[in-house]
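Open the structure beside this text and follow the residues one by one. The walk starts with charged side chains and moves on to helices, rings and a strand.

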Amino acid sequence: MLQTFRSLTFTKKKKTQRILADPVNSRLRLHTIIRLRWIAVLGQLAAISIVSLVLGFYVPIGACLTVIALSAWLNVFLAVSYPSRHRLSIPYASGLLVYDILQLSALLFLTGGMDNPFAMLMVAPVTVSAATLPLRNTIALGLVALAAAAFLVRFHEPLPWIPGIELELPIAYKLGAFAALCVSTTFIGLYAWRLTKESRQMSAALTATDIVLAREQKLHALDGLAAAAAHELGTPLSTIVLVTKELELTIKPDNPLYEDIALLKTQALRCREILQKLTRHPGEEDPMHARVSVRAMLEEAAEPYFSDKIAINIAAAPAAESTSPGRRQAEVERRPGVIYGIGNIIENASEFAKSRVDVTAHWNASGLTVTIADDGPGFPAEVMDNIGEPYVTTRPAETSDGVLDEDSTGLGLGFFIAKTLLERSGATVGLANRTGGQSGAIVTVSWPRAVILSQ
């Protein structure tokens, strides 16, 4: 079961890493960019109309309407050429956003350049790119926007103003507006990119978790199929048992077939007993498998990682303050998710440990606490607060043939899935480093007594 979890998680890691590293298509749909451009066209028309007709300022209406019409015709062309659900490729989406920057720059050139308060709208295409395109494309678009803004500081038509009066703002104001645009573009772009990246990573990690849990649910569903098959096989087996009893009564013991018939009856009875176990109600599970001792659970979780290189020491006992230290081992419900979660933490500890990993469990009237400690370098201080989140890791990534690649890192999904499964069981997971001159990491998993212990 644990091997199934690890295999499935590693497959998901490779797929997710490939998607995030070099996606073929952007996340920007054609329908979205067309709708945003129509909003821009209507806004530009409204601004030109109000400034010219309401305020009475001089505006080169012919040239401005020509620039706006280009965007409108481009939208019509895209809507006719492609379906609305078409997802743009990265170069195509970048090209359309570069056009939006240049179109807005042309309008600003005709209406005052950086003197125009609408110059801050240059941030919009960069923000769209930050939310839908890779970082390198967003940086390129930001540089295009800032280059266009720098050009508009020096070269532009006069700002629309009262006829007969030319408004010329100081160069210091223009440079200040340009600096504000630079800061806004950088901050808003990076902020949108970071939020989108975290959302995408969390979605991919939760998807990996859901796949693992769905796989476990399918394995549980096989128990129902086995019960149904056992029910159907019960009748023919009863018939076989009945016939063999009749034959056993009619054939004398000295007959060569007597022993074969007796063996056939014995095996048929054994099959019926096995089928009765399969049809047992889930609430009547075999106690040997429904509940296990705490030590047995830890041994099952650690068993795949025993090796000659790293010593894994397991200890389980009542806490020192327990009122009855002589009691037998406490028992817990056998949960595959809990076993996998603890096993994943033990695996991480054994990979970073120098010589040993100590797995200890203590229980008292409050609950159960499992501690996994190693003698490795410990958790890096810079990622201590974020460990347990998806894609936070310092472990080298694995190639397709299972070899560690020291030049890259894994996705950090394994510990995230383990932590999620443990927390779903009611546990609290804590992380720390050894103190007192010792090196190593310590992971503490604690459950309330009512959640985990059966006694």
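**A walk through the predicted model**

At 40% relative accessibility, arginine 194 counts as partly exposed. Keep in mind that this is a predicted model. Arginine 194 has a salt-bridge partner, glutamate 198, with the closest N and O atoms 3.0 Å apart. The two residues sit 4 apart in helix α7, so about one helical turn separates them. Glutamate 198 is also partly exposed, because its relative accessibility of 38% falls between the 20% and 50% limits.

Side chains of opposite charge can pair when their charged atoms come close. In this model the count of salt bridges comes to 10. Some of them share partners: Arg356, Asp358 and Arg434 are joined into one network in this way.

Now look at a salt bridge between two helices. Arginine 37 pairs with aspartate 100, and their closest N and O atoms are 2.9 Å apart. Arginine 37 belongs to helix α2 (residues 30-54) and aspartate 100 to helix α4 (residues 90-110), so the bridge ties together parts that are 63 residues apart in sequence. Are these two residues buried or exposed? Arginine 37 is buried, and aspartate 100 is buried as well.

A further bridge reaches into helix α7. Lysine 174 pairs with aspartate 115, the closest N and O atoms being 3.9 Å apart. That distance still counts, because the cut-off for a salt bridge is within 4 Å. Lysine 174 lies in helix α7 (residues 171-250), while aspartate 115 lies in the loop between α4 and α5 (123-132), so this pair ties together parts 59 residues apart in sequence. Lysine 174 and aspartate 115 are both buried.

Return to helix α2. This helix has 25 residues. From its first C-alpha to its last, α2 reaches 35 Å, close to the 36 Å expected at 1.5 Å a residue. Which residues of α2 are buried? They are Leu30, Ile33, Ile34, Arg37, Val41, Gln44, Ile48 and Ser52. After α2 comes glycine 56, with a positive phi near 80 degrees.

Next comes helix α3. Isoleucine 61 is placed in this helix. With 32% relative accessibility, isoleucine 61 counts as partly exposed. The C-alpha atoms of isoleucine 61 and serine 49 are 8.8 Å apart, and the two residues are 12 apart along the chain. Valine 80 also has its place in helix α3. Valine 80 has a relative accessible area of 71%, so this residue is exposed.

Valine 80 is part of a nonpolar surface patch. Trp38, Trp73, Val76 and Val80 make this patch, which covers about 460 Å². Which helix gives the most to it? Helix α3 (residues 61-81) does, with 3 residues.

Turn to the aromatic rings. The whole structure holds 5 aromatic pairs. One of them joins phenylalanine 57 and tryptophan 161, whose ring centres are 5.3 Å apart and whose planes meet at 35 degrees, so the pair is tilted. This pair links distant parts of the chain. Phenylalanine 57 is in the loop between α2 and α3, and tryptophan 161 is in the loop between α6 (135-154) and α7, 104 residues apart. Tryptophan 161 is partly exposed, at 31% relative accessible area.

Other rings form a group. Ring pairs link Phe109, Phe151 and Phe155 into a cluster. Phenylalanine 155 also has a charged neighbour: arginine 154 lies over the face of its ring, 5.4 Å from the ring centre.

Helix α6 has 20 residues. α6 reaches 29 Å between its first and last C-alpha, close to the expected 28 Å at 1.5 Å a residue. The buried residues of α6 include Asn137, Thr138, Leu141, Gly142 and Ala145. Leu146, Ala148, Ala149, Leu152 and Val153 are buried in α6 too.

The walk ends in a strand. Alanine 361 is found in strand β6 (residues 356-363). At 0% relative accessibility, alanine 361 is buried. Alanine 361 and alanine 316 are 45 residues apart along the chain, and 4.5 Å separates their C-alpha atoms.

Terms used. Residues numbered from 1 in each chain as written. Predicted model: local features only at pLDDT ≥ 70, side-chain atom pairs only at ≥ 80, totals over all residues. Heavy atoms only, no water. Salt bridge = Lys/Arg side-chain N within 4 Å of Asp/Glu carboxyl O. Buried < 20%, exposed > 50% of the residue type's maximum accessible area, 1.4 Å probe, protein only. Patch = residues over 30% accessible without salt bridge, like charges linked within 9 Å, V, L, I, M, F, W, Y side chains within 5 Å. Areas by Shrake-Rupley, 256 points an atom, 1.4 Å probe, with all protein chains shown as cover. Expected span 1.5 Å × (residues − 1). Phe/Tyr/Trp six-rings, centres within 6.5 Å; stacked < 30°, edge-to-face > 60°. Lys NZ or Arg CZ within 6 Å of the ring centre and 35° of its normal.
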